[in-house]
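Reader: I would like to go through this model term by term, setting each value against the definition behind it. Could we begin once the sequence and structure are on display?

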Amino acid sequence: MNLTLKIWRQNGSSDKGRMVTYRVEDVSPDMSFLEMLDVLNERLILEGDDPVAFDHDCREGICGMCGMVINGVAHGEQKLTTTCQLHMRHFKDGDVVTIEPWRAAAFPVVKDLVVDRSAFDRIIQAGGFVSVPAGSAPEAHSVPVPKAAADAAFDAATCIGCGACVAACPNGSASLFTAAKITHLSLLPQGQPERESRARAMVEQMDAEGFGGCTNTGECTAVCPKGIPLDTIAQMNADYLKAASK
């Protein structure tokens, strides 16, 4: 198939940036989206042009590095799919595909489709861990965990920190990401000693990074490649309000 790509090109956060149009021919339906970009970049390099910069790593849908906005949707229109696992068979011959970086004040553009997501790292550093000595791994049934809590904790823990929730949110909120990291620990026994201090520290760090506030539009869950549920935000808010009231 032959495609027309409109790709955002930007030389750092100080550059104004612009959309550049490229023509890509003989694209195999079996290619992944990133492989299609690799083909474009190989051609650009041979022509002496600057290749399109984009983040990627595992290409298995588990690391969250490959985020970009495709036709106005974070990771593209295929539900529960990261960009690296999106395949060209979901496009048609002659399609015009628009490709942009995550757009949020807290995610400054490094180059082209690459953004600086270190704000997420600082939110995790603020409290997304268990610091009490836990010793060696306990026997499987020595600390009972209700199944509903275990299932909810597992669902929250699947967050890969890609940033699609921020890119999709009209407020640029990181509430879904932060809530997932808070909730998966707050529902488990080892996370209880620091439950309130964790919620307070991480939410306050999220606000300090310049992310917007959550207004429950639900756009974040619609594009989340791991299907993190919206009720994790309610859990985070409950923990934070309890901590802030003391």
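Reader: What makes the approach of the Ser 173 side chain to the side chain of Ser 175 a polar contact?

Author: The two side chains come to 2.8 Å of each other, and a polar contact is a pair of N or O atoms within 3.5 Å, where within protein one atom must be able to donate a hydrogen and the other to accept it, and where residues adjacent in sequence count only if both atoms are side-chain atoms. The model is a predicted one, in which local features need pLDDT of at least 70 and side-chain atom pairs count only at pLDDT 80 or more, whereas totals for chains, interfaces and linings use all residues. Residues are numbered from 1 along each chain as its sequence is written, and side-chain values use heavy atoms, with hydrogens and water left out.

Reader: Why is Ser 173 called buried, and which residues does Ser 173 touch?

Author: Ser 173 has a relative accessible area of 5%, and buried means under 20%, exposed over 50% and partly exposed in between, with a 1.4 Å probe and protein chains only, so Ser 173 is buried. Its place is the loop between α4 (164-168) and α5 (175-186); helices (H or I, at least four residues) and strands (E, at least two) are DSSP runs, numbered from the N terminus. Leaving aside residues up to four places away in sequence, Ser 173 touches Cys 165, Val 166, Phe 211, Gly 212, Gly 213 and Cys 214, where contact means heavy atoms within 4.5 Å.

Reader: How do you know how many disulfides the structure holds?

Author: A disulfide is a pair of cysteine sulfur atoms within 2.5 Å, and the structure holds zero of them. For Cys 159 the closest cysteine sulfur, that of Cys 224, is 6.5 Å away, which is too far for a bond. For Cys 220 the closest is in Cys 214, at 6.2 Å, again too far for a bond.

Reader: What makes α5 a largely enclosed helix, and how does its span compare with what its twelve residues should give?

Author: Eleven of its twelve residues are buried, so α5 is largely enclosed by the rest of the structure. Among the buried ones are Leu 176, Phe 177, Ile 182 and Leu 185, and also Lys 181. The buried residues of α5 pack against α2 (118-127), α3 (147-157), α4, α6 (195-208), α7 (219-223) and α8 (231-244). The expected span of a helix is 1.5 Å times one less than its number of residues, which gives 16 Å for α5, and its end C-alpha atoms are 16 Å apart, in agreement.

Reader: Where is His 184, and which residues does His 184 touch?

Author: His 184 is in helix α5 and, not counting residues up to four places away in sequence, touches Ala 153, Ala 156 and Ala 157. His 184 and Ala 156 are 28 residues apart in sequence, while their C-alpha atoms are 5.2 Å apart in space.

Reader: Why are β1 and β5 said to pair, and in which sense?

Author: Two strands pair if DSSP finds at least two bridges between them, and β1 (residues 3-9) and β5 share four, in the parallel sense. Among the partners, Leu 5 is bridged to Val 97 and Thr 4 to Val 96. On β1 the pairing with β2 is antiparallel, over seven bridges, with Val 20 in β2 as the partner of Ile 7. Strand β3 (residues 69-70) joins β5 by two bridges and runs antiparallel to it, with Val 69 opposite Glu 100.

Reader: What makes the pairing of the open sheet mixed, and which strands lie at its edges?

Author: Strands of a sheet pair through backbone hydrogen bonds, either parallel or antiparallel. Five strands form the open sheet in the order β2-β1-β5-β3-β4, with mixed pairing. The edge strands are β2 (18-24) and β4 (73-74), each pairing on one side only.
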